[in-house]
Structures are given as structure tokens and as C-alpha cells.
Amino acid sequence: MKVVVLGAGISGHTCALLLRKKLSKKHQVVVISPNEKWNWIPSNIWVGVGLMTPEDVTFPLKPVYDKMGIEFIQAKAKSIYPEGKGANNKPFVVAESTNKESLGREITVDYDYLVNATGPKLNFAATPGLGPDNGNSLSVCTAEHAHETAKKLNKLIEEMRSGQQKTFVIGTGHGLCTCEGAAFEYVFNLEFQLHQQGVRDKAKIVFITNEAELGDFGVGGLHLKNNGFITPSRVFAESLFVERGVDWITGTHVHQVEPNVIHYESLDGSKSSISFDFAMLLPPFTGAQLKAYDKNDGDITSTLFNPGGFMKVDADYSGKPYEQWNAEDWPKTYQTSFKNIFSIGIAFAPPHQISKPLKSANGTPIAPAPPRTGMPSAIMGRIVASSITDMINGKSDTPTHAASMAEIGAACVASAGANPISGSAVSMTMFPIVHNYNKYPDYGRSLTYTSGEIGLSGHWIKKLLHYAFIYKAKAKPFWWIIPE
Ligand SMILES: Cc1cc2nc3c(=O)[nH]c(=O)nc-3n(C[C@H](O)[C@H](O)[C@H](O)COP(=O)(O)OP(=O)(O)OC[C@H]3O[C@@H](n4cnc5c(N)ncnc54)[C@H](O)[C@@H]3O)c2cc1C
């Protein structure tokens with residue numbers, strides 16, 4: 001049997017390594033992914049403040065796959081033929097080579113099982129002027145973007161040393177962004193770095209976010225129990241911002257980014273602008289925009305994907321009102337309507353938002369999309385590898401493993417300043433990720449396993465995780481012992 005994994009990110013790479021470990025050598029594992037390097041994305045934050053280089057957070061994939069016996073095709077998947085084509089019943093994927101030697105060449109790869117782990121497409125085009133390539137703002141979403149951001153930061157630090165005042169705006173560049181945690185981490189690392197460089201007094205820092213309130217994180221906020229007290233994550237987050245002298249603007253949709261001005265709309269319908277010298281704004285995500293065709297070349301993209309390009313799996317996509325949504329709507333096995341196709345990580349289509357979807361007084365949607373952070377993405381990679389292995393080995397016709405986001409938890413360590421003595425990080429756990437009011441009627445989550453605290457130990461954990469996950473991704477000895 002041949003298993004093809006699209007995407008060598010956190011979920012796809014985890015899935016591919018585990019498939020190779022679990023399946024006997026007579027079965028083939030193939031990875032199709034456009035970049036020659038793997039990126040530990042969470043540490044891009046540190047690249048973006050100049051504390052790490054792109055080389056510190058990336059490594060070439062091919063040697064790892066060669067060592068493991070996984071075939072690596074450096075290419076970008078374009079379309080899927082889940083029924084084969086014409087008289088050929090074998091399903092296949094069409095991809096376009098991104099390898100320098102064969103750039104643009106079309107490649108056809110057949111499969112018995114397919115895992116779509118193509119993650120997000122960074123949709124900077126959704127907001128005019130957004131993004132580092134064709135726009136006026138910076139990003140830390142890729143190691144290269146983060147490196148460019150650090151260069152700009154260093155330039156500004158020099159200018160501040162000569163007495164100039166600067167305004168930094170960090171946050172989300174669209175009303176439908178997700179991954180607010182990354183912007184949260186970046187703003188605190190930036191603030192910390194400006195302190196370290198002795199220019200904090202020359203900087204005004206503003207956090208601009210689509211979250212209706214700080215601490216929402218696209219998961220509708222959390223209730224954190226520490227030392228017997230229950231604290232809403234809003235209070236926790238606001239106190240961190242106040243302590244650091246960082247202003248915030250919540251509930252915004254950014255309409256346009258001009259060279260030094262951001263135009264945005266707020267939930268109350270008002271329209272405002274903010275000038276900046278440095279803006280790091282996250283883009284909204286879409287899916288990888290793959291197409292799907294039936295055996296007669298008929299377009300069946302809408303059968304497999306939602307309008308945003310995310311792949312539909314075993315979730316409830318009936319579109320019922322927010323008030324009626326519940327934990328059961330969330331996918332468990334990540335199998336699609338084709339029993340040999342799965343989708344994991346950011347590539348799968350969530351059934352609905354976790355934070356209440358809001359609109360501004362003018363009707364503009366301002367609603368954080370559900371995050372699918374590293375830990376759940378990797379867990380999905382693991383359970384899908386296990387299910388496919390069992391199906392190939394004839395143990396079952398249906399997936400044998402499940403990991404609904406309404407049943408599993410997530411841990412996240414958000415750096416708030418990288419220094420072995422004076423640094424800190426917010427260590428957060430939430431259980432489950434999606435509110436499950438059937439099990440936890442009060443807050444939708446367990447108060448025992450949902451927690452958050454800030455401290456120096458968090459920084460050390462974050463640093464340790466950086467090395468541990470890169471070690472694991474390189475498939476070094478006993479890599480599989482390191483949990484997701
Ligand atoms: C700046 C930043 C900081 C973050 N910090 C944290 C953190 O501290 N903790 C945390 O838990 N999460 C963090 N996250 C989120 C985390 O990075 C994601 O949850 C995780 O990467 C999702 O995994 P994935 O496999 O779905 O997608 P990705 O890791 O993005 O992988 C997708 C893969 O698919 C490939 N691909 C794309 N298109 C195609 C195609 N057409 N064909 C084939 N392959 C394709 C990509 O090249 C990539 O290899 C952060 C995210 C950002 C942007």
C-alpha cells in the first residue's frame with residue numbers, strides 16, 4: 001500500500017514519521033511538500049526579535065526522509081482525483097514541482113491512502129496593503145518573514161538610540177484572523193527586547209486584535225484556576241498588558257494598511273486609523289486551495305472542501321446557529337467522505353467558530369477563527385497514522401483512533417521575553433480545547449486541567465521544547481518517546 005502525505009509541517013511530518021515507524025517496509029510512505037526545509041514555527045517569534053536565525057528554526061527534510069525510508073517529493077499539490085480518471089481507478093494527486101532542478105514540472109502521484117496536512121495559506125491579499133511581500137506590514141509566519149522583521153526592528157532600535165520616538169503596532173490584520181496567540185507572544189517579546197536594548201522609553205506599543213476582548217485567543221477565552229481563585233483569561237491578559245505598558249485595541253477588522261497608517265473598523269461600527277513606524281500583523285488563513293475532480297474530470301472541489309479551501313472531514317457542517325452548536329459537532333477521526341482520505345492540522349475545516357462570531361454595527365464580520373495549535377495538530381497526525389496503519393493491516397475498515405478537539409486538551413507556552421534570568425513565559429493548559437458543556441456545564445472546560453501562569457520557568461520550558469521538538473522532527477534516536 002502507498003500512503004501519501006501532503007504537507008511536511010507539524011501535523012503532516014508527525015503523521016509521516018509515525019506511519020513509517022508503524023507500517024512494515026513493504027508499504028510506501030510518500031511526503032509531498034513545497035519547502036525543502038522543516039520549520040519549527042513557534043520559534044519564529046524569536047527570529048522576529050533577532051534572538052535566533054532562520055537556520056536555528058529550520059533543517060533540510062530530505063536527509064531525514066532518506067534516513068527513515070520515506071520518499072520526499074518537493075512539490076506543491078494542486079488537485080486530487082479520489083476516483084482516479086477515466087478507465088484508471090487508482091486515485092492520484094497532481095502536484096507542481098518546487099524543486100530548483102525541475103521547477104514547475106507537473107507530477108502525478110497515485111495513492112491508496114491520502115493525508116491532507118497542507119496547513120494554512122497565508123492570505124495577506126485579504127487586506128489591501130497587508131504583508132511583507134506586496135504590502136506595508138511585517139510578519140513572523142515564516143522564518144524568512146521573521147528574519148526580515150528582525151532586520152527592520154534592529155534599524156528602528158538604532159534610530160531610537162539616537163533619540164527618535166517610534167510607534168509599534170502588533171496584532172491581527174483582518175477581522176477573521178486566527179492564531180492571536182502568536183501576536184500575543186510577539187508583542188511581549190518585542191517589548192522585552194526593547195527593554196534589553198535600553199530603548200523602551202522611546203517606544204509606544206499598541207496591540208490591535210480581532211478578539212472582542214484580550215485573552216479570547218479564538219477559543220472564547222478561558223477560566224483559569226490558580227491557588228483557589230478562578231480568573232477569566234481577559235483579566236489575566238489585561239494585567240500582563242498593563243504591567244508592560246502596552247496599549248490595546250480590541251474587536252477590530254483592519255481594512256487597509258498604508259505605508260505608515262492602519263485603517264480599521266471596530267465592533268461599534270466606528271472607523272479609525274493608527275500611524276506606525278513598525279507593524280507586525282498576522283494574515284487571515286485559507287486552506288491550500290486544492291481542487292478535486294471526479295473520474296470524468298467533473299469539479300467536485302465543493303464535496304471535499306469548504307469555501308475557504310479547508311477539507312471537510314467527519315464534522316457537522318450543517319451550519320446551525322451558534323447557540324445550537326455543541327461538542328459533538330467536532331470531528332473525531334478526520335476521515336473525509338472518501339474513506340481513504342484524511343485531513344489534519346489547520347487543513348481540516350472546523351465546523352464552527354469557538355469564540356462567538358460577531359459583526360460590527362456595519363455588518364462587518366469580526367470573529368477570530370478557531371486556532372489549531374501545534375499540540376492538537378501533532379496529536380491528529382498521530383491518531384491518523386494509527387488509524388491508517390490499522391486499516392492497512394486489516395484490523396478494521398473504519399478509523400480506530402479518535403481525537404476530537406472537544407475531548408482533548410492543549411498546552412501552550414507563550415514566550416513573554418527570552419532571557420535565562422529575566423525572561424518569562426505564560427504556560428497555559430486548556431481542557432478540552434472546544435467548550436464541552438455536556439461534560440463541564442459551568443464553564444465548558446475542566447477547572448482542574450485549565451490553567452495559566454507566568455514565570456521564568458515557562459521560559460526554560462519553551463526553550464527546552466524548541467530543542468526537543470527539533471530533535472524529534474529530525475527523527476534522532478528514540479524520537480517517538482517525545483510526546484506531541
Ligand atoms: C508565528 C507563529 C507562532 C506560533 N506559535 C505557536 C506556539 O507557540 N505553540 C503552538 O502550539 N502553536 C503555535 N503556532 C501554531 C502552529 O504553528 C500551527 O498550529 C501548526 O504549524 C499547524 O500545523 P499544520 O501541520 O496544520 O500546518 P503547518 O505546520 O503550517 O504545515 C503545513 C505544511 O503544508 C505545506 N503545504 C502548503 N501547501 C501545500 C500544498 N499545496 N501541497 C503540499 N504541501 C503544502 C507547507 O509548506 C507546510 O510544510 C504558531 C504559529 C505561528 C504562525
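Trainee: What should I know about the model and its numbering before reading it?

Mentor: The model is predicted: local features need pLDDT of at least 70, side-chain atom pairs count only at pLDDT 80 or more, and totals for chains, interfaces and linings use all residues. Residues are numbered from 1 along each chain as its sequence is written.

Trainee: Which residues of α5 are buried?

Mentor: An α-helix has 3.6 residues a turn, so residues three or four places apart point the same way. Helices (H or I, at least four residues) and strands (E, at least two) are DSSP runs, numbered from the N terminus. Buried means 20 or more other C-beta atoms within 10 Å of a residue's own, exposed means 12 or fewer, and partly exposed is in between, with C-beta atoms placed from the backbone. In α5 the buried residues are A143, H145, A146, T149, A150, L153 and M160. Viewed down the axis of α5, they fall within an arc of 140 degrees (taken from the directions from the helix axis to the C-beta atoms), so they line one face of the helix. On the other side of α5, K151, K155 and E158 are exposed.

Trainee: How many residues does α5 have, and what is its span?

Mentor: The expected span is 1.5 Å times one less than the number of residues. Helix α5 (residues 143-161) has 19 residues and reaches 27 Å from its first C-alpha to its last, close to the 27 Å expected. Just after α5, G163 has a positive phi of about 105 degrees.

Trainee: In what order do β15, β16 and β17 stand in their sheet?

Mentor: Two strands pair if DSSP finds at least two bridges between them. The order in this open, antiparallel sheet is β15-β16-β17. Strands β15 (252-258) and β17 (271-275) are at the edges with a single partner strand each, so one side of each lacks a neighbour in the sheet. Six bridges join β15 to β16 (residues 261-266), and V254 stands opposite Y264 in β16.

Trainee: How many residues surround the ligand?

Mentor: A residue is counted if its C-beta atom, placed from the backbone, lies within 6 Å of the molecule. Here 35 residues surround the ligand, the closest being G7, G9, G119, G345 and G374. Elements giving two or more residues to the shell include α1 (10-22) and α9 (374-392).
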